[in-house]
Amino acid sequence: MSDHLPPPPVTAPAPAVDLWDAVDDLCAWLDANRPVEGREGLLLRILKLSEEVGEVAEAVIGATGQNPRKGTTHTWDDVRSELCDVAVTALVALRTLTPDAREVFARHLARVTHRSLGAPRPDPSDG
């Protein structure tokens with residue numbers, strides 16, 4: 001499938017934004033503006049992730065023209081944007097569950113990386 005995907009457009013670099021500072025800011029903004037409090041509010045924030053994943057599916061279907069009634073309704077840029085929304089929403093949900101989201105994510109990523117790629121290979125030039 002990747003042979004048929006267009007390359008991402010060449011654009012100017014985005015301004016530097018610290019990922020976890022941005023996640024903290026978004027989480028604080030959502031906390032200050034949420035209409036539902038408590039456990040229900042927490043669950044709704046986590047469920048937002050399902051909505052975003054659905055939007056990725058909609059964009060892929062639209063980019064590939066798989067709905068004959070609608071035709072091509074999205075671009076691969078739309079798919080990339082929706083995937084970013086999924087990532088941001090997941091990180092905000094994680095931050096909502098723990099103030100240590102950065103460390104929790106880093107430890108989990110290290111476990112997944114090790115499980116998938118194994119221990120780092122020694123550099124042959126080291127000896």
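Student: What pattern does the protein chain follow, read along the sequence?
Tutor: The model is predicted, so local features need pLDDT of at least 70 and side-chain atom pairs count only at pLDDT 80 or more, while totals for chains, interfaces and linings use all residues. Residues are numbered from 1 along each chain as its sequence is written, and side-chain values use heavy atoms, with hydrogens and water left out. The protein chain has 4 helices and 0 strands, where helices (H or I, at least four residues) and strands (E, at least two) are DSSP runs numbered from the N terminus. Read along the sequence, the pattern is α-α-α-α.

Student: How do α1 and α3 lie to each other: roughly parallel or roughly perpendicular?
Tutor: Their axes come within 9 Å and cross at roughly 70°; axes are lines fitted to C-alpha atoms, for helices over the stretch in contact, and angles run from 0 to 180 degrees between N-to-C directions. Angles under 35 degrees count as roughly parallel, over 145 as roughly antiparallel, 65 to 115 as roughly perpendicular and the rest as oblique. Therefore α1 and α3 are roughly perpendicular.

Student: Which residues of α3 make the contact with α1?
Tutor: Contact means heavy atoms within 4.5 Å. On the α1 side, the contact is made by Leu-19, Trp-20, Val-23, Asp-24, Leu-26, Cys-27 and Leu-30. On the α3 side, the residues are Val-88, Leu-91, Val-92, Arg-95 and Thr-96.

Student: How many charged residues are in the contact of α2 with α3?
Tutor: The axes of α2 and α3 come within 9 Å and cross at roughly 170°, and the two helices are therefore roughly antiparallel. For the classes, Ala, Val, Leu, Ile, Met, Phe, Trp, Tyr, Cys and Pro count as nonpolar, Asp, Glu, Lys and Arg as charged, and the others, Gly among them, as polar. The contact of α2 with α3 has 16 nonpolar and 3 polar residues, and the charged ones number 7.

Student: Is Glu-52 buried or exposed?
Tutor: Glu-52 is in helix α2 and, leaving aside residues up to four places away in sequence, touches Glu-82, Asp-85, Val-86 and Thr-89. Buried means under 20% relative accessible area, exposed over 50%, and partly exposed in between (1.4 Å probe, protein chains only). At 7% relative accessibility, Glu-52 counts as buried.

Student: Which residues does Arg-102 touch, not counting residues up to four places away in sequence?
Tutor: Arg-102 lies in helix α4 (residues 101–117) and is partly exposed, with a relative accessible area of 37%. Arg-102 is 83 residues from Leu-19 in sequence, and their C-alpha atoms are 9.5 Å apart. With the sequence neighbours set aside, Arg-102 touches Asp-18, Trp-20 and Asp-21.

Student: Which elements give two or more residues to the lining of the largest pocket?
Tutor: A pocket is an open set of points on a 1 Å grid over the protein atoms alone, where a 1.4 Å probe fits, with protein on both sides within 12 Å along at least five of seven lines; lining residues have an atom within 4 Å of a point. The largest pocket is lined by 14 residues, of which Leu-30, Leu-44, Arg-45, Lys-48 and Val-92 lie nearest its centre. The elements giving two or more lining residues are α1 (19–32), α2 (38–64) and α3 (76–97).
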